[in-house]
Amino acid sequence: MPTASLIITTYNRADALELVLVSVLKQKQMPDEVIIADDGSTDETRRLVEKYKKQFSVPLIHCWQEDNGFQLSKIRNKAIAQSSGDYIIMADGDMVLSKNFIHDHIAHAQPNQFIQGSRVLVLENATKKHIKDIDASFSFFSAGIKNRANTIGCNWLSKVISKRYGNKNHQKVRGCNMSFWKSDLLKVNGFDENFVGWGREDSEFVVRMINNGIVRKNVKFAAAAFHLWHNENKRNDLAQNDAILETAIQEGKKICEKGLSQYI
């Protein structure tokens, strides 16, 4: 069984991150380490991580960088470089993990593939209530959720459906619930730091993975996470990011120039 590093990205949302950390503590199978990839949060997040370090049986590491705008690709690369696991599982800091989340990602891991997990959407009022109560317990019967079928966990059904389900290209990819072999991340040089602001960094990364022969697997009825409600991100730089993505597609890019290698 490979060693696994869980990387959780966050920015100034300590209340949501606390629910995620609580859900990690409830995992059927713990990762070998947890790295908080922090894109410049204030001291509140650092204090939260310090508080939870005492409760974790595995290392809980705070990887922080200065707040200089939206630099998701950069903080992901830094966290990946700091990781020690053979297998990298990545989740956003507002994705509350189902209890089998880590186990399922590892169980589905195979050579020359990466995993896109599924998510359950948590509506605004339910999000506020769970945050107020520090309640990380979600299920099929929880109030205030969408995509309810994604809460169902079934190993045999997952194995059958996941082989065939969903897009196999870069479309509708979501970095909020993904996993990959670290060796494959090194092969494509991680995430492209030329992306400025929100949008398309995940899609461009997947284009390069696929161009290297690394196949996308969409895991269903396993490895689900509950996406807490939040305001929509600003999309001021989307046209520029779309152009970077289109260049990667047209040129058949396999590696990015400004990526993970800066930190290895």
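This report describes a helix, a histidine, several aromatic rings and a surface patch in a predicted model.

## Helix H8

Helix H8 spans residues 201-211 and is mostly covered, with nine of its 11 residues buried. Among the buried residues are Glu-201, Asp-202, Glu-204 and Arg-208, and also Phe-205, Val-206, Val-207 and Met-209.

The buried residues of H8 pack against several other elements of the chain. Three of these are helices: H3 (72-82), H7 (182-188) and H9 (238-251). The others are strands E6 (113-116) and E9 (177-181). Just after H8, Gly-213 has a positive phi of about 80°.

## His-105

His-105 is part of helix H4, which covers residues 101-108. Its relative accessible area is 1%. Because this is under the 20% cut-off, His-105 counts as buried.

The side chain of His-105 makes a polar contact with the side chain of Ser-179, at 2.8 Å. Neighbours within four places in sequence left aside, His-105 is in contact with Tyr-87, Ile-89, Ile-115, Asn-177, Met-178, Ser-179 and Ala-223.

## Aromatic pairs

A pair of aromatic rings is described by two values, the distance of the centres and the angle of the planes. The structure holds five aromatic pairs. One of them joins Tyr-87 and Trp-181, with ring centres 4.9 Å apart and planes at 70°, so the pair is edge-to-face. This pair links distant parts of the chain, since Tyr-87 lies in strand E4 (residues 87-92) and Trp-181 in strand E9, 94 residues apart. Tyr-87 is buried, with a relative accessible area of 0%. Trp-181 has a relative accessibility of 19% and also counts as buried, because the cut-off is under 20%.

Another pair is formed by Phe-191 and Phe-205. Their ring centres are 4.2 Å apart and their planes are at 20°, so this pair is stacked. Phe-191 sits in the loop between H7 and H8, while Phe-205 belongs to helix H8, 14 residues apart. Phe-191 is buried at 0% relative accessible area, and Phe-205 is buried at 0% as well. Ring pairs join Phe-191 and Phe-205 with Phe-180 in a cluster.

## A nonpolar surface patch

Phe-140, Phe-141 and Ile-152 form a nonpolar patch on the surface. Together these residues have about 330 Å² of accessible area.

Phe-140 is found in the loop between helix H5 (124-133) and strand E8 (145-146). The relative accessible area of Phe-140 is 36%, so this residue is partly exposed.

Technical notes. Residues are numbered from 1 along each chain as its sequence is written. Side-chain values use heavy atoms; hydrogens and water are left out. Buried means under 20% relative accessible area, exposed over 50%, partly exposed in between (1.4 Å probe, protein chains only). Helices (H or I, at least four residues) and strands (E, at least two) are DSSP runs, numbered from the N terminus. Contact means heavy atoms within 4.5 Å. A polar contact is a pair of N or O atoms within 3.5 Å; within protein, one must be able to donate a hydrogen and the other to accept it, and residues adjacent in sequence count only if both atoms are side-chain atoms. Patches are made of residues with over 30% relative accessible area and no salt bridge: like charges are joined within 9 Å, nonpolar side chains (Val, Leu, Ile, Met, Phe, Trp, Tyr) within 5 Å. Accessible areas come from the Shrake-Rupley method with a 1.4 Å probe; for residues, only the protein chains shown count as cover. A salt bridge is a side-chain nitrogen of Lys or Arg within 4 Å of a carboxyl oxygen of Asp or Glu. Rings of Phe, Tyr and Trp (its six-membered ring) pair if their centres lie within 6.5 Å; planes under 30 degrees apart count as stacked, over 60 as edge-to-face and the rest as tilted.
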